[in-house]
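The sequence and structure are shown first.

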Amino acid sequence: MSKYIKTYLFAEIAVRAEYNHNYLEKQCKDYETNQNPQLTIEVTADDIIKERSFSEDGESFSDGYIESLAFYRKFCEAIASRDVILFHCAAVAVDGKAYLFTAPSGTGKTTHIGLWQKIHGDKMTIVNGDKPLLKISKEKITVYGTPWDGKERQSTNTSAEVAGICIINRGLENKIQRLKPNEAIGTLMSQTFRPTKAENLKKILENVVTLSAKVPMWRLECNISEEAAWLSYNAMSKEDK
């Protein structure tokens, strides 16, 4: 029997979580809810062993941390059929609209949103610095904060409509280019959680296609400067007007 049984609300989905280590309890405390759960996720000892096998450094992490990752993996698999996907990015909100920055780890997402925070100050909210959830519909795309927020632990339990997605590349000069939907799909898929079940993977692909068609996509080559932050903001925010 699980030591902890809690109900959390992620991307408007109430989930009953059953687990055995207090790491997850502390991590998700701001997401507790009294709503009736729509699904149940139980993390077992076998799930923890399996999750460790996915990482070369798995043995160096605590059972509690690995249990948290195992829970999020099982949750993301379960919600694939509900048009909600995990998208690896840094998500910020300015004036009620969200902007997502995606790139391979180490490219500079965190640095770039730090520059955005410098130029916008209190006008900006960091929704999530690493692994937010996106709810996909034909009407709009909404990003939701989660407590799986990267080593900097940057996140807020909030949501906002997505106004643009920016693929970041390092460059000596700052320049930004609007992308056609088909030019962005490969990168979007590479940064999206991929379920193991074939029907869920098909659903994810359909949602990524919708995402690329619904939200303006950009490619930014940038250095570490406020000029780069203003360039991306001006291009992406004007597109929304």
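This is a predicted model: local features need pLDDT of at least 70, side-chain atom pairs count only at pLDDT 80 or more; totals for chains, interfaces and linings use all residues.

Two strands are taken to pair if DSSP finds at least two bridges between them. Strand β4 (residues 84–86) meets this criterion with strand β8 (residues 133–136): the two are antiparallel and share three bridges. Within this pair, L86 has L133 of β8 as its bridge partner.

Strand β8 also pairs with strand β9 (residues 141–144), again in the antiparallel sense, over four bridges. Here K135 is bridged to T142 of β9. Four residues lie between β8 and β9, and the two strands form a hairpin.

## The open sheet β1-β2-β3

A three-stranded open sheet has the order β1-β2-β3 and mixed pairing. Strands β1 and β3 are its edges, each pairing on one side only. On average, neighbouring strands of the sheet are turned by 25 degrees against each other, direction ignored.

Strands β2 and β3 run parallel and are joined by four bridges. Opposite E18 stands E42 of β3.

## Nonpolar cores

The largest nonpolar core contains 28 residues, and those with the most contacts inside it are Y8, F10, V15, F71, F75 and L133. At least two residues of this core come from each of β1 (4–10), β2 (13–19), β3 (39–42), α3 (63–79) and β4. Helix α3 provides the largest share, seven residues. In general, nonpolar side chains tend to be buried together in soluble globular proteins.

Neighbours within four places in sequence aside, V15 is in contact with K6, T7, Y8, F10, P37, L39, I41, F71 and F75. There is also a second, separate core of 26 residues, which includes A93, L134, A160 and A184.

## Helix α6

Which residues of α6 are buried? They are N200, I204, N207, V208, L211 and S212. Because these residues cover an arc of only 140 degrees around the axis, they lie on the same side of α6. An α-helix has 3.6 residues a turn, so residues three or four places apart point the same way. The face of α6 turned away from the buried side carries the exposed residues A198, E199, K202 and A213.

Notes: Residues are numbered from 1 along each chain as its sequence is written. Side-chain values use heavy atoms; hydrogens and water are left out. Buried means under 20% relative accessible area, exposed over 50%, partly exposed in between (1.4 Å probe, protein chains only). The arc is that of the directions from the helix axis to the C-beta atoms. A nonpolar core is a set of buried Ala, Val, Leu, Ile, Met, Phe, Trp, Tyr and Cys residues joined through side-chain atoms within 4.5 Å. Contact means heavy atoms within 4.5 Å. Axes are lines fitted to C-alpha atoms, for helices over the stretch in contact, and angles run from 0 to 180 degrees between N-to-C directions.
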